[in-house]
Amino acid sequence: MWRRALYLLSHRHFSAEPEVPSLYSFLQPSVFALKRDPPLPPKPQQDPTPQTLTLERQSTLEATLRASLNANNTDEAWKSFKTLTNCSSFPSKPLTNSMIAHLSSLKDTHNLKRAFASVVFLLEKNPSLVEYETVETLLNSMKDGGTAAPAFALVKCMFKNRYFVPFGIWGNALVEICRKNGSFAAFLRVFNENCRIALDEKLDFMKPNLVACNAALEGCCRDLESIVDAENVVETMSVLGVRPDELSFGFLAYLYALKGLEEKIVELESLMGGFGFANKRTFLGNVISGYVKSGSLESVSVNILRNLRANGEDSNFTEETFCQVVRGFLQHGSFKDLANLIIEAQKLETQSIPIEKSIGYGIISACVDLGFLDKAHSILDEMNARGCSVGLGVYVPILKAYCQEKRTAEATELVTEISNSGLQLDATTYDALIDASMSSQDFQSAFSLFRDMREARIPDLNGSYLTIMTGLTENHRPELMAAFLDEVVEDPRIVVGTHDWNSILHAFCKAGRLEDARRTFRRMVFLQFEPNEQTYLSLINGYANAEKYFNVMMLWNEVKRRLSIDGEKSFKLDHNLVDAFLYALVKGGFFDAVMQVVEKSQEMKIFVDKWRYKQAFMENHKKLKVAKLRKRNLKKMESLVAFKNWAGLSAE
């Protein structure tokens with residue numbers, strides 16, 4: 001078909017009839033009218049001969065035109081140009097094209113009409129004045145402005161006046177205009193005339209490129225739905241030597257499917273192989289699209305399953321194709337028909353096929369993308385009701401949609417159903433579900449999902465573990481953090497560190513729940529997690545805020561014991577920890593422990609701001625006298641004296 005000669009093309013002569021009504025309809029009553037003046041009664045003896053200009057007057061007008069263009073004075077330039085052309089005294093070629101290019105560049109409708117009228121007028125009167133680049137500039141402005149009718153009229157005028165411009169200058173702009181305005185049927189007429197001229201006049205530069213040929217073919221197949229016109233375009237391409245591509249075959253495939261011509265589709269597919277096109281995704285998508293448009297749902301199913309038999313590892317259909325399938329079935333059939341298609345497809349799909357490549361995934365994803373999430377779940381329910389196995393490709397898009405809509409409880413229920421059916425989700429899906437649950441503060445769903453994740457033997461649990469811990473921290477739920485950590489702490493797939501316990505301790509202490517903090521600390525030590533500086537700092541601040549200074553002293557005794565046993569190998573004092581101990585112990589009046597901290601800080605060369613502790617003493621123990629302590633507690637008296645001497649206070 002592609003190689004048959006173009007003997008059917010008509011050989012009409014160029015029409016000499018003027019096209020004023022269609023060409024100038026929006027410029028009436030005069031091509032160059034700036035405003036509509038009321039008509040004047042005709043003069044009885046009016047001379048029809050155009051007025052002529054003297055050379056001096058013409059020179060003056062051209063100079064004015066040039067100066068107006070340089071000054072961007074459009075109206076003044078237009079007056080000069082109109083006067084010159086009305087008197088058949090055309091400006092020089094460069095000046096004429098500068099004028100038209102200037103009008104085209106302004107991009108407003110009024111000046112675009114002026115530019116259009118000027119070019120048409122010149123094509124009628126003196127086409128040699130118009131440069132190719134000027135035509136290209138004007139058409140590009142029309143393309144940007146979305147004005148299809150004048151663009152087609154301009155090209156027709158070029159043909160009528162035998163002003164033949166290389167196709168590349170005007171053809172691509174016209175194709176883009178067609179795509180914007182959906183005017184491929186109009187383009188087809190211009191395309192056919194252009195091809196006839198190129199062949200009759202033997203003008204190779206007028207031959208259209210593949211993009212233009214496909215645009216004409218698209219107009220025949222999708223707009224006109226005409227087999228005769230489409231095959232004429234194919235014959236034209238053959239004669240012109242334009243090699244088709246996948247799109248060319250795709251448009252024809254759509255039309256043949258629309259008309260129910262199965263044998264033509266088979267012939268076309270075979271011809272594609274002859275041209276060396278191995279990727280048939282575009283072709284198959286167009287076939288499906290044509291059958292959907294015709295309402296032939298049985299043919300849609302047959303072709304999807306036939307393709308699947310030939311390509312078990314890849315459905316070969318795009319997202320847009322699946323969306324068309326879903327729209328077609330829901331318009332002409334029902335969700336039960338879609339369920340049946342998925343069931344039949346799953347029988348043909350291999351076990352190794354990726355989830356995203358399965359027919360079920362494509363159809364359910366399309367349902368979700370089109371806003372039919374409930375229909376998607378109805379398809380799932382229908383498959384379960386029939387007792388059919390449901391692949392992950394059906395479940396995953398619904399789960400993702402539930403995540404996006406924060407319907408986490410339903411998602412968790414669906415995950416349980418998936419697990420009970422023997423299927424296993426991947427870590428990425430679990431992570432997304434848990435993240436959505438935590439974002440919705442649906443903590444129980446997150447815990448349930450994480451348990452399911454552990455039972456499914458997912459090797460990498462750390463991402464979801466951190467998501468849960470971070471979410472609970474941000475929401476100030478230390479009791480849930482403690483319970484969760486206690487549940488997972490012995491799982492070797494989860495990396496639990498001292499910082500995790502510290503987060504719980506800090507949250508409990510900040511909330512004033514010191515007994516819970518103490519139990520967490522004991523549990524942490526029992527499980528052999530080494531407390532660090534941050535651990536003690538949180539506990540000190542918590543006890544100090546509650547004025548439980550004795551507990552601070554007990555913490556110091558533990559820290560002192562660790563320092564004496566391990567030295568500084570696993571734990572050492574820092575400035576913040578020393579400061580926290582000193583401040584709390586001074587306020588509590590445990591001066592013996594205070595001096596122990598001072599001694600250790602001096603030993604470790606940690607700077608201590610004495611003023612802060614002097615102030616703490618004055619605020620809490622201003623009336624405490626050494627003489628009174630001497631009688632009751634000699635050791636405490638000695639510690640108090642030592643502190644006062646160190647802090648620079650009077651020992652009286």
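The questions and answers below concern a predicted model.

Student: At roughly what angle do the axes of helix 19 and helix 20 cross?

Tutor: Two packed helices are described by the angle between their axes and the distance between those axes. For helix 19 (residues 373-385) and helix 20 (residues 392-404), the axes come within 10 Å, and the crossing is left-handed. The angle at which these two axes cross is roughly 145°.

Student: How many nonpolar residues does the contact of helix 19 with helix 20 have?

Tutor: Helix 19 contributes L373, A376, H377, L380, M383 and N384, while helix 20 contributes V394, Y395, I398, A401 and Y402. Sorted by class, the contact has no charged residues and 2 polar ones, and the number of nonpolar residues is 9.

Student: Is T408 buried or exposed?

Tutor: T408 is found in helix 21, which covers residues 408-420. Leaving aside neighbours within four places in sequence, T408 is in contact with Y402, A436, S437, S440, D442 and S445. Because a residue counts as buried when its relative accessible area is under 20%, and T408 has a value of 5%, T408 is buried.

Note on methods:
Residues numbered from 1 in each chain as written. Predicted model: local features only at pLDDT ≥ 70, side-chain atom pairs only at ≥ 80, totals over all residues. Heavy atoms only, no water. Axes fitted to C-alpha atoms, helices over the stretch in contact; angles between N-to-C directions. Helix = DSSP H or I, 4+ residues; strand = E, 2+ residues; numbered from the N terminus. Left-handed = near helix turned anticlockwise from the far one by under 90°. Contact = heavy atoms within 4.5 Å. Nonpolar A, V, L, I, M, F, W, Y, C, P; charged D, E, K, R; others polar. Buried < 20%, exposed > 50% of the residue type's maximum accessible area, 1.4 Å probe, protein only.
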